Amino acid sequence: MNILSEQLILTALKHVIDPEIGINIVDLGLIYDVKLDAGNVYIKMTMTTPGCPLHESIAKGAEEAVRQLQGIESVKVDLVWDPPWTPDRISNWAKKQLGWR
Amino acid sequence: MSAPFQGSITTPYTPPFKVVRQYFIIATITFIFLNGLMLMSSRYISGFHFQPRLLSFAHMAVLGWATMIIRGAMTQLIPVILETSLYSVRLAKWGLWLYLAAVITIVSHFWFFAIKGGGMASAAGMAFLAVIIFVINVGLTMRKVKSINITIAHIIAAIVYLTVVAAIGLLLGINLSIPFIKGDHLHYLGLHATIGFVGWFSMIIMGVSYKLLPMFTLSYTYKTWPGWTAFGLINLGVLGIVVEFLTNRPLYSSVLIVTGMFMFSYQIILIMKGRMRKALDVGLRHAVFAYGYIPVAALLGGLITLSNINPEIKQRVILIYGFTVLFGCITLLIIGMMYKIVPFLVWFHKYSDKVGKEKVPMLKEMFSERIGNLQFWLLNIGVPDVMAGLFLQNQTVVAIGITIIFISSLLFGYNMFTVFTRK
């Protein structure tokens with residue numbers, strides 16, 4: 001049940017797209033952790049660059065996207081810089097979108 | 001409703017949209033106006049560089065276009081680069097109007113070569129004051145920085161050079177009104193231009209590039225020693241130029257600067273090689289071409305300072321060099337970065353709180369990429385065309401090139417207008 005719901009949260013997070021790169025935050029590998037506890041959601045995420053000017057909107061966007069799911073009581077988004085994001089976290093699909101062959 | 005996880009998102013250093021927008025709009029209008037004026041007076045873009053219309057064009061380009069954009073962009077980028085908020089938004093806001101008044105006065109005084117009376121001296125004084133306001137604002141913001149990285153080192157050097165350039169400009173402005181400098185005015189003008197181009201512009205361009213290029217291309221696995229080497233060589237070179245100026249002894253400092261510029265190019269190659277984002281959008285294509293013009297400008301600079309070419313040819317090369325730096329390196333990079341920064345600014349202002357709730361546009365959808373591409377190619381046809389025309393001393397070729405650049409500037413202005421007026 002929890003696994004499926006966490007999967008659902010990740011699906012919701014895929015609707016949050018980095019407007020500069022054009023890739024969703026899950027495939028960019030920005031989501032470090034998603035926890036669900038009786039309707040309370042905890043998301044640990046990062047940005048590609050510390051001080052990224054989009055960090056506020058993307059983090060808030062993540063919160064809003066999850067909040068729209070049915071049965072959600074609260075959402076906490078933790079923006080962390082450690083461990084720093086690395087390009088290895090980008091999914092294969094996203095790599096293709098970025099022009100990798 | 002239970003809420004075990006609260007208070008999550010860190011406070012951002014939100015950029016002051018209205019202030020930055022003013023800088024960008026004024027600079028874009030200046031750029032189009034400059035190109036229109038150059039088109040109407042293209043016959044003046046030849047011959048000896050110390051002539052009223054050329055000095056007017058050059059100051060409109062460096063002050064009204066390039067430095068205006070950089071001042072606005074720094075207000076926007078300080079939170080990104082330094083990860084702290086700007087010391088004073090009010091200084092950025094009011095500094096703009098003083099700076100604009102100074103630019104208009106300087107440019108119009110050069111245009112009419114109105115050196116009698118204190119007009120030129122007051123204009124240079126206003127510009128100096130406006131620069132000091134900017135330097136104080138950036139300097140006091142820097143106080144909050146805990147550690148120095150490559151970008152911050154470049155910005156510190158850049159604002160030091162900007163202060164020196166403005167101070168020499170002030171002395172030259174006073175000297176034109178009330179001659180007091182013993183020796184050749186042009187000798188000081190050379191120092192003013194060199195520190196402006198090699199000190200202020202190259203340091204700010206390089207520093208900001210080291211932050212923005214990896215961010216936009218998703219490049220994180222490159223070595224930074226070429227960048228640091230370039231920083232050391234260029235600063236040593238500028239210092240050498242100052243010593244040469246003071247002692248009148250040739251130290252061949254330009255060799256250090258030219259080598260430094262090539263090290264910068266190598267650093268850019270490393271960043272581009274390591275990028276995850278292979279496809280380049282219109283903004284990044286501009287930037288890449290701008291970086292390509294840097295070694296060209298460096299070689300031209302080396303040719304001017306190190307070789308014993310015929311004085312008449314040298315004069316042509318000086319013009320080509322100045323044009324290449326202003327339109328090849330600086331303008332291309334500024335336009336490229338504006339295609340990245342301006343859509344973001346407007347997007348942030350209009351759509352930031354809609355993310356996750358409704359579909360929001362991508363940044364590249366905020367303007368016409370087709371027009372951007374056309375504008376890019378026109379600019380890259382126009383710039384080499386003018387360079388060739390200046391070398392051949394063919395006014396028709398120069399005029400054709402400037403017409404192409406003017407059309408390109410109109411297309412760029414249209415794209416910026418589309419972004420700024422987006423509903």
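Author: Happy to; we will begin with the sheet, move on to the helix beside it and the contact between the chains, and end with a few backbone details.

Please keep in mind that this is a predicted model. In chain A, 3 strands come together as an open sheet, ordered 1-2-3, with mixed pairing. Strand 1 (31–37) and strand 3 of chain A are the edge strands; each has a single partner strand, so one side of each has no neighbour in the sheet. On average, neighbouring strands of this sheet are turned by 10° against each other, direction ignored.

Now for the pairing of strand 1 of chain A with strand 2 of chain A: the two run antiparallel and are joined by 6 bridges. If you want a place to start looking, find Ile31(A), which stands opposite Met45(A) in strand 2 of chain A.

Next comes the helix. Helix 2 of chain A lies across strand 2 and strand 3 of chain A, and it runs at about 155° to strand 3 of chain A.

These elements also take us to the other chain. The contact between the chains draws 36 residues from chain A and 30 residues from chain B. On the side of chain A that touches chain B, strand 2 (40–45), helix 2 (55–67) and strand 3 (74–79) of chain A each supply at least two residues. Helix 2 of chain A gives the most to this side, with 11 residues.

If you follow chain A onward from strand 3, you come to the loop between strand 3 and helix 3 (92–97), where Pro83(A) lies. The peptide bond joining Asp82(A) and Pro83(A) is cis, with omega about 0°.

Chain B has backbone details of its own. Leu218(B) sits in the loop between helix 6 (185–217) and helix 7 (225–247) of chain B. Its phi is near 55°, a positive value in a residue other than glycine. Tyr252(B) lies in the loop between helix 7 and helix 8 (253–273) of chain B, and the phi of Tyr252(B) is likewise positive, near 55°.

Which of these is buried and which is exposed? Leu218(B) has 21 other C-beta atoms within 10 Å, so Leu218(B) is buried, as 20 or more are needed for that. Tyr252(B) has 12 other C-beta atoms within 10 Å, so Tyr252(B) is exposed, because 12 or fewer count as exposed.

Definitions and conventions
Residues numbered from 1 in each chain as written. Chains lettered and ligands numbered in written order. Predicted model: local features only at pLDDT ≥ 70, side-chain atom pairs only at ≥ 80, totals over all residues. Contact = placed C-beta atoms within 7 Å. Helix = DSSP H or I, 4+ residues; strand = E, 2+ residues; numbered from the N terminus. Pairing = 2+ DSSP bridges. Axes fitted to C-alpha atoms, helices over the stretch in contact; angles between N-to-C directions.
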